[in-house]
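This report goes through a single protein chain by topic. The sequence and the model come first, and the notes follow.

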Amino acid sequence: MEKVLVSACLAGVPCRYDGRARTARVVEDLVAGGRAVVVCPEGAGGLPTPRPAAEIVGGDGADVLDGRARVVDAAGTDCTEEFTAGARAALAAAEASGARRALLTARSPSCGCGQVYDGTFGGTLRPGDGVTAALLRRAGIAVDAV
């Protein structure tokens with residue numbers, strides 16, 4: 001049975017920055033079928049729930065992995081280390097389970113794929129992936145947003 005890595009918030013876990021979930025039916029079905037590998041990269045990286053919103057400043061997740069950008073929360077705290085640690089934990093979970101596909105929450109600085117917020121906290125999106133999505137892609141795991 002093929003396993004799929006999924007964002008915990010999409011599986012109904014109240015772990016988003018605002019302490020809520022963002023439950024998605026397709027992910028609930030994967031969980032019910034025993035196919036989901038549920039992970040919250042931000043929690044796995046050591047961040048509490050709830051927590052201040054965070055955005056990538058200076059690029060996207062690939063830039064964070066390459067040291068060209070940082071993840072900063074709305075209070076101005078640099079959370080780059082926690083976001084990269086969480087991405088590594090998510091990749092380890094995918095590799096341990098054999099998951100070759102991930103369904104991640106959209107626009108997140110960790111899980112976003114295709115679009116992330118631009119680092120100004122003004123609600124503007126920019127092309128790119130979050131830190132976890134970027135690391136998973138580098139490892140050859142197919143990533144889609146839900």
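In which strand is the place of valine 38? Valine 38 belongs to strand E2, which covers residues 36-39. The model is a predicted one, and the values below are computed from it.

## Surface patch at valine 38

Valine 38 has a relative accessibility of 40% and is therefore classed as partly exposed, since that class lies between the 20% limit for buried and the 50% limit for exposed. Together with Val13 and Val31, Val38 makes up a nonpolar patch on the surface. The accessible area of these three residues together is about 200 Å².

## Largest pocket

The volume of the largest pocket is about 520 Å³. Its lining consists of 32 residues, of which Arg16, Tyr17, Glu42, Ser108 and Pro109 are the closest to the centre. Three elements contribute two or more residues each to this lining: helix H2 (41-44), strand E3 (54-57) and helix H4 (80-97).

Sorted by class, the lining of the largest pocket comprises 18 nonpolar, 9 charged and 5 polar residues.

## Helix H4 and alanine 90

Helix H4 also holds alanine 90. The relative accessibility of alanine 90 is 0%, so this residue counts as buried. Between alanine 90 and valine 26 there are 64 residues of sequence separation, and their C-alpha atoms lie 20 Å apart.

## Helix H5

Is helix H5 mostly covered or mostly uncovered? Helix H5 spans residues 131-138 and is mostly covered, with 6 of its 8 residues buried. The buried residues are Val131, Thr132, Ala133, Ala134, Leu135 and Leu136. Just after H5, glycine 140 has a positive phi of about 85°.

Arginine 137 is partly exposed because its relative accessibility is 39%. Arginine 137 forms a salt bridge with aspartate 129, and the closest N and O atoms of this pair are 2.7 Å apart. Aspartate 129 has a relative accessible area of 13% and is therefore buried, as the limit for that class is under 20%.

Side chains of opposite charge can pair when their charged atoms come close. There are 10 salt bridges in the structure. One of them joins glutamate 2 to arginine 35, with 3.9 Å between the closest N and O atoms; the cut-off for a salt bridge is within 4 Å. This pair links distant parts of the chain, 33 residues apart: glutamate 2 sits in the segment before strand E1 (4-7), and arginine 35 in the loop between helix H1 (25-32) and E2. Glutamate 2 has a relative accessible area of 43% and so is partly exposed. Arginine 35, with a relative accessible area of 27%, is partly exposed as well.

Another salt bridge is formed by the side chains of aspartate 66 and arginine 138, at 2.9 Å from N to O. Here the partners are 72 residues apart, aspartate 66 lying in the loop between helix H3 (61-65) and strand E4 (70-73) and arginine 138 in helix H5. Aspartate 66 is partly exposed because its relative accessibility is 38%. Arginine 138 has a relative accessible area of 47%, so it too is partly exposed. Through salt bridges with shared partners, Asp63, Asp66, Arg68 and Arg138 are joined into one network.

## Backbone geometry

Most residues other than glycine have a negative phi, and most peptide bonds are trans. Which peptide bond is cis, with omega near -5°? This is the bond from threonine 49 to proline 50. Proline 50 lies in the loop between H2 and E3.

Arginine 107 is a residue other than glycine with a positive phi, near 70°. Its place is the loop between strand E5 (101-104) and strand E6 (115-117). Arginine 107 is partly exposed because its relative accessible area is 32%. Phenylalanine 121, also not a glycine, has a positive phi of about 60°. Phenylalanine 121 lies in the loop between E6 and strand E7 (125-127). With 35% relative accessibility, phenylalanine 121 is counted as partly exposed.

Note on methods:
Residues are numbered from 1 along each chain as its sequence is written. This is a predicted model: local features need pLDDT of at least 70, side-chain atom pairs count only at pLDDT 80 or more; totals for chains, interfaces and linings use all residues. Side-chain values use heavy atoms; hydrogens and water are left out. On a 1 Å grid over the protein atoms alone, a cavity is a set of points where a 1.4 Å probe fits but cannot get out, and a pocket is an open set with protein on both sides within 12 Å along at least five of seven lines; lining residues have an atom within 4 Å of a point. Grid points are joined across faces, edges and corners, and a volume is the space filled by probe spheres set on the points. Helices (H or I, at least four residues) and strands (E, at least two) are DSSP runs, numbered from the N terminus. Ala, Val, Leu, Ile, Met, Phe, Trp, Tyr, Cys and Pro count as nonpolar, Asp, Glu, Lys and Arg as charged, and the others, Gly among them, as polar. Buried means under 20% relative accessible area, exposed over 50%, partly exposed in between (1.4 Å probe, protein chains only). Patches are made of residues with over 30% relative accessible area and no salt bridge: like charges are joined within 9 Å, nonpolar side chains (Val, Leu, Ile, Met, Phe, Trp, Tyr) within 5 Å. Accessible areas come from the Shrake-Rupley method with a 1.4 Å probe; for residues, only the protein chains shown count as cover.
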